[in-house]
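Thanks for coming. I will talk through one model, beginning with the ligand site and ending with the backbone.

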Amino acid sequence: MSKITIVGAGRVGEAAAQFIAKEELCRELVLIDVRDGAAAGTALDIQESAPLMHFDTKLQGYTDPQAMEGSELVVVTAGLPRKPGMSRSDVLDTNVSILDVIVDDVLKHAADAMLMIVSNPVDVLTYRAWRRTGWDRTRVFGQAGVLDSSRMASFVALETGFSVEDIHAMVLGGHGDSMVPMTRFTTINGISVDHFVDAPTIERIIERTRQGGAEILALKKNSSAYGAPAAAIAAMVSSIRMNRKRVLPTVSILQGEYGQHDIAMGVPAVLGRGGMERIVELVLTEEEQVMFSRSSAAVREDIARLPAQQPVGL
Ligand SMILES: NC(=O)c1ccc[n+]([C@@H]2O[C@H](COP(=O)([O-])OP(=O)(O)OC[C@H]3O[C@@H](n4cnc5c(N)ncnc54)[C@H](O)[C@@H]3O)[C@@H](O)[C@H]2O)c1
């Protein structure tokens with residue numbers, strides 16, 4: 001993968017560019033933003049860190065969407081972030097109209113690319129992008145669960161004092177208050193987390209994970225989270241770029257898996273050169289199934305609010 005484009009050179013886009021460049025996940029990294037000079041300035045700033053951070057990735061920033069031409073992956077981080085007190089769904093209308101324009105640009109200039117959606121509400125926007133492109137679902141997916149799982153793993157580390165190195169957490173479902181933290185797959189070097197912490201502590205970890213984005217937003221007030229979201233983007237890009245085939249929670253289009261059709265939700269998926277190569281279907285417990293269904297209902301509610309469109313590529 002020699003060229004990646006990030007559309008939206010705001011906080012998340014900038015931080016993602018830093019990680020992607022630092023890890024040399026592509027030769028050419030393009031940033032695009034509608035704000036005049038924003039992408040160019042950001043690209044130059046990161047480029048000037050290259051001698052210190054030791055990377056050879058070349059960065060360029062533009063306002064012209066044509067600059068995405070030849071990209072193998074387009075990451076969409078453009079859109080309104082929420083403000084304190086707002087839910088991710090509150091930014092739906094604005095972000096759908098921004099996304100539609102970007103998807104049309106991708107269809108025009110980078111029709112062979114893969115599309116990773118990050119802008120919120122990410123499940124609904126991933127669904128929208130998939131419908132609008134008409135592409136195979138392997139090429140259109142979103143980031144949410146890698147971040148939520150990293151948050152959960154961080155809270156497990158804070159509660160136990162153990163190294164994050166050994167902690168694995170898994171959060172599925174929609175990226176919202178109805179996300180589904182999968183406690184039985186949360187382990188410390190293979191040992192279930194409930195071996196180390198009691199039920200009230202697990203509940204506290206789950207609740208903090210659900211409110212992870214809101215907690216940061218409430219503290220910072222004028223910015224939502226971007227460091228961990230950017231690291232999550234880089235982890236997914238790395239798995240695709242290096243064909244590592246990591247099993248990562250990925251906002252994926254479900255076509256019968258988990259009893260769901262025609263919806264985008266976070267499920268474990270294999271990420272490799274072919275994009276979202278395969279969904280891993282788990283047998284859910286009754287309790288998990290209830291949470292998953294509640295989560296899918298919340299995503300469907302937002303999908304029902306989407307303005308009508310003629311799917312361009314279908
Ligand atoms: N999925 C996740 O886990 C996750 C995590 C954090 C943030 N987000 C979402 O990512 C998005 C960006 O967050 P942020 O904090 O970087 O916001 P930000 O305001 O810092 O940046 C958004 C950028 O998008 C640009 N933009 C707007 N319309 C555009 C267009 N048509 N083309 C190109 N650029 C355009 C803006 O000029 C701005 O620079 C938000 O929707 C936020 O909710 C998602």
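A pocket is found on a 1 Å grid over the protein atoms alone: it is an open set of points with protein on both sides within 12 Å along at least five of seven lines. A molecule sits in a pocket if more than half of its atoms lie within 2 Å of its grid points. Here, the largest pocket is the space taken by the ligand.

Two notes on the source. This is a predicted model, in which local features need pLDDT of at least 70 and side-chain atom pairs count only at pLDDT 80 or more, while totals for chains, interfaces and linings use all residues. Residues are numbered from 1 along each chain as its sequence is written, and side-chain values use heavy atoms, with hydrogens and water left out.

Around the ligand there are 27 residues, and V12, D33, R35, V118 and Q143 come nearest; being near means having a heavy atom within 4 Å. This shell divides into 14 nonpolar, 10 polar and three charged residues. Nonpolar means Ala, Val, Leu, Ile, Met, Phe, Trp, Tyr, Cys and Pro, charged means Asp, Glu, Lys and Arg, and the others, Gly among them, are polar. Helices α1 (11–22) and α4 (92–109) each supply at least two shell residues; helices (H or I, at least four residues) and strands (E, at least two) are DSSP runs, numbered from the N terminus.

Which side chain has an N or O atom 2.8 Å from a ligand oxygen? That is R35. A polar backbone atom of R11 is 2.9 Å from a ligand oxygen, and for a polar side-chain atom of N95 the distance is 3.5 Å. Of the 870 Å² of accessible area that the ligand has on its own, the protein covers 88% (Shrake-Rupley method, 1.4 Å probe).

Now the backbone. An open, antiparallel sheet of three strands runs in the order β7-β10-β11; strands pair if DSSP finds at least two bridges between them. β7 (167–168) and β11 (191–192) are at the edges with a single partner each, so one side of each has no neighbour in the sheet. I167 has I188 in β10 as its bridge partner.

Last, most peptide bonds are trans. The bond from N120 to P121 is cis, with omega near -5°.

Note on methods
A polar contact is a pair of N or O atoms within 3.5 Å; within protein, one must be able to donate a hydrogen and the other to accept it, and residues adjacent in sequence count only if both atoms are side-chain atoms. On a 1 Å grid over the protein atoms alone, a cavity is a set of points where a 1.4 Å probe fits but cannot get out, and a pocket is an open set with protein on both sides within 12 Å along at least five of seven lines; lining residues have an atom within 4 Å of a point.
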